[in-house]
Amino acid sequence: MKILILGATGFIGSAVLQRLAADGHQITGLGRNPDKARLKLPAARWVKADLTELSAAAWGPLIEDQDVIVNCAGALQDGLSDDLRATQEKAMLALYEAAKALGGRSIVQISARTDGAAADLPFLTTKRRADEALAENGLPFVILRPALVIGRNAHGGTALLRSLASLPGLLPLIHTESLVETVSLDDVAAAVSLAVDGTIPAGSDLDLAADKTLTLSDLVKLHRTWLGLPTATVIALPAALAKPVTWAADFAGRLGWRSPLRSTAMTVMSEGVRSLRPKPSGLVLADAAETLAAHPSGVQDLWFARLYLLKPVIILTLSLFWLLSGLIPLLDLNAAAAQFSPIVPASVATVITVATCLLDILLGSAVLVRPYARKAMLGMILTSLAYLAGGSILAPQLWLDPLGPLVKVLPSIFLTLVSLAILDER
């Protein structure tokens with residue numbers, strides 16, 4: 001069959017794509033930035049499109065030659081990079097309209113549990129409206145609602161689990177006793193395969209969750225064992241301590257960073273992840289321990305786990321370094337410009353000082369905005385090299401200065417290189 005996968009570059013979407021391709025289907029993957037996926041998975045045909053911009057008319061040419069549409073697209077919370085209503089509701093309603101106009105297309109929808117403590121949050125209200133519209137539209141459909149998805153790779157909540165598990169000595173956790181159901185990423189892909197071939201009948205609305213349920217504390221400990229780390233004591237923290245963390249994560253979301261510590265995720269976790277609907281018959285779902293045992297960890301997993309929570313700290317440190325480098329000289333402009341006085345006239349020295357300060361401030365601010373972060377980091381490296389070259393030519397004695405004004409530029413360059421190396425999210 002010809003199958004179009006929405007969100008095919010994502011954590012779940014990429015696994016579904018590989019499974020359906022292995023089943024022998026002709027796959028088309030749709031994503032906002034499929035360039036890397038095209039290199040990784042050349043067997044699929046790739047279409048670059050933004051769901052938030054697709055009307056029913058725009059959907060037509062994308063789905064007219066497809067037999068099944070698998071929707072793996074979604075987002076956790078509104079932010080600079082995500083519009084929940086446009087992605088999870090408006091785009092889906094337009095898709096259903098287009099599919100119906102073409103005589104019908106089967107749709108397999110990856111959704112979530114849409115009730116509970118977070119039921120009124122945009123993440124779940126938009127999914128719920130799309131699910132209800134799909135059920136009422138008359139199209140053949142299957143809705144699958146995975147619990148916390150665990151696989152060989154990690155993203156979002158599972159990445160956070162690994163990072164928390166890698167903390168040295170103590171494991172400070174909030175909602176330690178919340179019950180969490182899990183499902184293997186491979187089993188999610190298998191369930192989609194069964195929905196596509198009709199084994200799961202049209203009209204089904206099913207939860208995907210293994211029978212074994214763990215507390216959040218036990219789940220983190222399980223990941224710690226998987227990483228090969230010694231046992232550590234869990235410190236249960238009061239839920240109130242989550243507020244400053246979620247505020248910072250939500251603010252980062254407005255700048256385009258998709259942190260799993262945002263308020264939506266914490267609200268969901270406050271009551272745990274539990275299934276309420278029937279599960280697929282004939283499909284044995286692996287629990288968390290079985291899933292991890294099937295994919296032994298390597299040193300790269302330990303590196304990722306330890307760097308995951310350090311990543312925002314590294315980027316924030318870079319930002320502060322450049323912002324302060326630009327702001328501090330402006331507090332005493334004459335003194336800052338005086339270092340150029342032996343080389344250029346005072347007026348020119350002032351212009352150079354102001355220009356470099358503004359450039360530093362611009363780079364320090366831009367690196368905090370996710371869509372501009374890579375360019376800002378490259379700009380930091382080029383600017384640092386220019387500063388070193390200029391300083392070496394105009395004032396080589398600064399290399400011997402006890403405060404090391406030029407020497408200190410070198411570690412900032414290497415820190416920027418580290419940030420570039422871990423910038424990618426998938």
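Which residue is the bridge partner of isoleucine 143 in β10? In this predicted model, in which local features need pLDDT of at least 70, side-chain atom pairs count only at pLDDT 80 or more, and totals for chains, interfaces and linings use all residues, the partner is aspartate 205. Residues are numbered from 1 along each chain as its sequence is written, and side-chain values use heavy atoms, with hydrogens and water left out.

The overall picture comes first. The chain has 17 helices and 12 strands, where helices (H or I, at least four residues) and strands (E, at least two) are DSSP runs numbered from the N terminus. Its C-alpha atoms fill a box of roughly 80 × 55 × 40 Å along the principal axes. Of the 426 residues, 50% are buried, that is, under 20% relative accessible area, with exposed meaning over 50% and partly exposed in between (1.4 Å probe, protein chains only). Among contacts (heavy atoms within 4.5 Å) with a separation of 6 or more, 77% link residues 24 or more positions apart.

Six of its six residues are buried, so β6 is largely enclosed by the rest of the structure. Phe141, Ile143 and Arg145 lie on one side and Val142, Leu144 and Pro146 on the other, and both faces are covered. Strands count as paired if DSSP finds at least two bridges between them. Strand β6 runs parallel to β5, joined by four bridges, with valine 108 opposite valine 142. Its pairing with β10 is also parallel, over five bridges. Together, β5, helix α5 (residues 122–137) and β6 form a right-handed β-α-β unit; right-handed here means that, with the strands pointing away from the viewer, the path from the first strand over the helix to the second runs clockwise.

The nonpolar cores come next, each a set of buried Ala, Val, Leu, Ile, Met, Phe, Trp, Tyr and Cys residues joined through side-chain atoms within 4.5 Å. The largest has 38 residues, of which Ile5, Ile12, Val16, Leu20, Val70, Leu144 and Val192 touch the most other members. Elements giving two or more residues to this core include β1 (2–6), α1 (11–22), β5 (106–110) and β6 (141–146). Helix α7 gives the most, with nine residues. Beyond its neighbours within four places in sequence, leucine 144 is in contact with residues including Val108, Ile110, Ala191, Val192 and Leu206.

Elsewhere, an open sheet of three strands has the order β7-β9-β11, with mixed pairing. Strands β7 (148–150) and β11 (213–215) stand at the edges with a single partner strand each, so one side of each is left without a neighbour in the sheet. Strand β9 (residues 179–184) is antiparallel to β11, with three bridges between them, and glutamate 181 faces threonine 213 in β11.

Two helix pairs complete the description. Axes are lines fitted to C-alpha atoms, for helices over the stretch in contact, and angles run from 0 to 180 degrees between N-to-C directions. Helices α12 (residues 299–308) and α13 (residues 310–331) pack at about 50 degrees, with their axes 5 Å apart. That makes α12 oblique to α13, given that angles under 35 degrees count as roughly parallel, over 145 as roughly antiparallel, 65 to 115 as roughly perpendicular and the rest as oblique. The axes of α6 (residues 157–165) and α12 come within 7 Å and cross at roughly 95 degrees.
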